[in-house]
Every structure is written in C-alpha cells, then in structure tokens.
Amino acid sequence: MHANLEALEAVIGAAGQFEQIWCLGDLVGYGPDPNACVALLRRHSHVAVLGNHDGVACGKRSPAGFNPHAARAAQWTARHLTAASRRYLRALPDSAVASDFTLVHGSPRAPTDEYLFGAREAEANFAHFATSHCLVGHTHVPAAFLSVEGRRGNDVHGVGLRPDEPLPLLGRVRMILNPGSVGQPRDGDPRAAFGIYDAGRNEFCAHRVAYDVAATQEKMKSAGLPAPLIDRIAVGF
Ligand SMILES: [Zn+2]
C-alpha cells in the first residue's frame, strides 16, 4: 500500500465484492497517508503481515540498508504515525496463513528481507512454506513462480502474471504469486496493482486500476517528502 490512500481506495473500489483483504506488508512508507491507509484497511476484514518499511516506521527495525530517500520517508512516517497506527504495525506478524496460502512480505525463508525476482530464488523457497501456495510483495513487480512435480524432482519456472488473465490453481502445481504493489508499482505501469483469489473458481487473477496520481503527488509535496519519490509514482518505477 505504501501509504498511498488514493491507490488503496481505487483498488478497493475496483475489487467489487470481496470477503477479505490480504495485505502483503509495507502498509506505510514512501506515501503521505500512513494513518488513513492503516485505518481504511482496518475497517475491512483482513489479514496483514509486516513489511520492511512497516518495521522501520514503527521502530521494530533499523533503517540500515535503506537508500537516503527511503530513509527520509521512513523517518517522516515514524514522526507522523499515531499511537494507534504504531501499535497496530508493531503487532503485525512476519507471516500468516489464509486459506491455502502463506502470506509474507519478502519470501517464506526471510519474510521481511528477501526479494523474489527470479525463479532461482523462488525455487529455494518452496520448502519453506506448508500451504499449497504463497503470496509475496516486496519487489513491487507482479510475478508467478510455479513448482511442477516431475519425475526427477520439482521444476520451478516463472510465468507472466498479466492483468485480467486468470491463473488456474491446479492440484499438483504449487505457486508463489506476487500481485504487484498498490501504492508504488515498479514495473513501468503506474496503475495500482492487486490480485483477486476466487476460491469458487480456484483461480488467481492480477488486475490494474488507474488512480489520481496527481492528488497523491500534491500531498507528498505538502508533506515535504523527497522529490524522486514524488516523481516515480507517475511512471511506475
Ligand atoms: Zn515495498
């Protein structure tokens, strides 16, 4: 979500009827509306896990490793969190299970830290969760990694996760899925990214929805957040 209220509202509006929101961490950081985003999420039935930015903002983790802009935004967020938001973030677990999915921010073996960009990193992670499938965020890039049972062990490969193309969740194929980022897409498409798991059809589908980027940028400007962070949400990088 990255504290981007306009993007979160657009996603909730576009999702139609749903039972529950599964939030893969980084509720806050970068964006100008950390408290409003936490509050909006909490108004819905939801499961959420801790992201690295959440950890820094609520004082659970150090900002070591953050680039200067991310660190500045994290300090801004820490200063502006209400006590209720901070308490809520501090209580978030590193991982959670919902239905037949494990939810983590980064990866099953390093929940708040590892980036799963490629099939090789994904492959090493299938042994680290017990459910059929796993949902991750952290890279901000939509992706699907499939582990297919073969005669000589499992074959893991990545497949494209394109908007509005449902991916059937089949019995013997385990998947690690990344729906992309609501509040800060980084795949060159500035629209907010999310995914819907349809339990009835047993399929997962990625979606994109446009939101009022200029409104978010205005708020970031007024808040004094770093200019490169303001510019990047317009291009989705
Ligand atoms: Zn993030």
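1. The zinc ion has three protein donors, H2 (NE2), D26 (OD) and H140 (NE2), which lie 2.2 Å from it; donors here are N, O and S atoms within 2.8 Å of the metal (3.2 Å for Na, K and Ca), and water is not among the atoms, so sites may look incomplete. Along the chain these donors follow the spacing H-x23-D-x113-H. Two of them link distant parts of the chain, since D26 sits in the loop between β1 (21–23) and α2 (34–42) while H140 sits in the loop between β5 (133–135) and β6 (143–150), 114 residues apart. Helices (H or I, at least four residues) and strands (E, at least two) are DSSP runs, numbered from the N terminus.

2. A word on the basis of these remarks: this is a predicted model, in which local features need pLDDT of at least 70 and side-chain atom pairs count only at pLDDT 80 or more, whereas totals for chains, interfaces and linings use all residues. Residues are numbered from 1 along each chain as its sequence is written, and side-chain values use heavy atoms, with hydrogens and water left out.

3. Both D26 and H140 are buried, where buried means under 20% relative accessible area, exposed over 50%, and partly exposed in between (1.4 Å probe, protein chains only). D26 has a relative accessible area of 2%, and its backbone deserves a look, because D26 has a positive phi of about 60° although it is not a glycine. D164, in the loop between β7 and β8, also has a positive phi in a residue other than glycine, near 65°, but D164 is exposed, with a relative accessible area of 53%.

4. Q184 counts as buried at 1% relative accessibility. The side chains of Q184 and R186 are joined by a polar contact of 2.6 Å; a polar contact is a pair of N or O atoms within 3.5 Å, and within protein one must be able to donate a hydrogen and the other to accept it, with residues adjacent in sequence counting only if both atoms are side-chain atoms.

5. The structure holds five aromatic pairs; rings of Phe, Tyr and Trp (its six-membered ring) pair if their centres lie within 6.5 Å, and planes under 30 degrees apart count as stacked, over 60 as edge-to-face and the rest as tilted. The Y115 and F117 rings have centres 5.9 Å apart and planes at 15°, so this pair is stacked. Y115 counts as partly exposed at 38% relative accessibility, while F117 is exposed, with a relative accessible area of 52%. The rings of F126 and F129, by contrast, have centres 5.7 Å apart and planes at 45°, so that pair is tilted, and both F126 and F129 are buried. Ring pairs also link W22, F101 and Y197 into a cluster.

6. T102 is found in strand β4 (residues 101–104) and counts as buried at 9% relative accessibility, and its side chain makes a polar contact of 2.7 Å with that of T131.

7. The largest nonpolar core has 43 residues, of which L27, L41, Y88 and L89 touch the most other members; such a core is a set of buried Ala, Val, Leu, Ile, Met, Phe, Trp, Tyr and Cys residues joined through side-chain atoms within 4.5 Å. The largest share of this core, six residues, comes from helix α1 (residues 5–14). L89 is in contact with L27, V28, V38, L50, D54, C58 and L81, leaving aside its neighbours within four places in sequence. A second, separate core of 18 residues includes V47, V49, F204 and A206.

How values were computed
Contact = heavy atoms within 4.5 Å.
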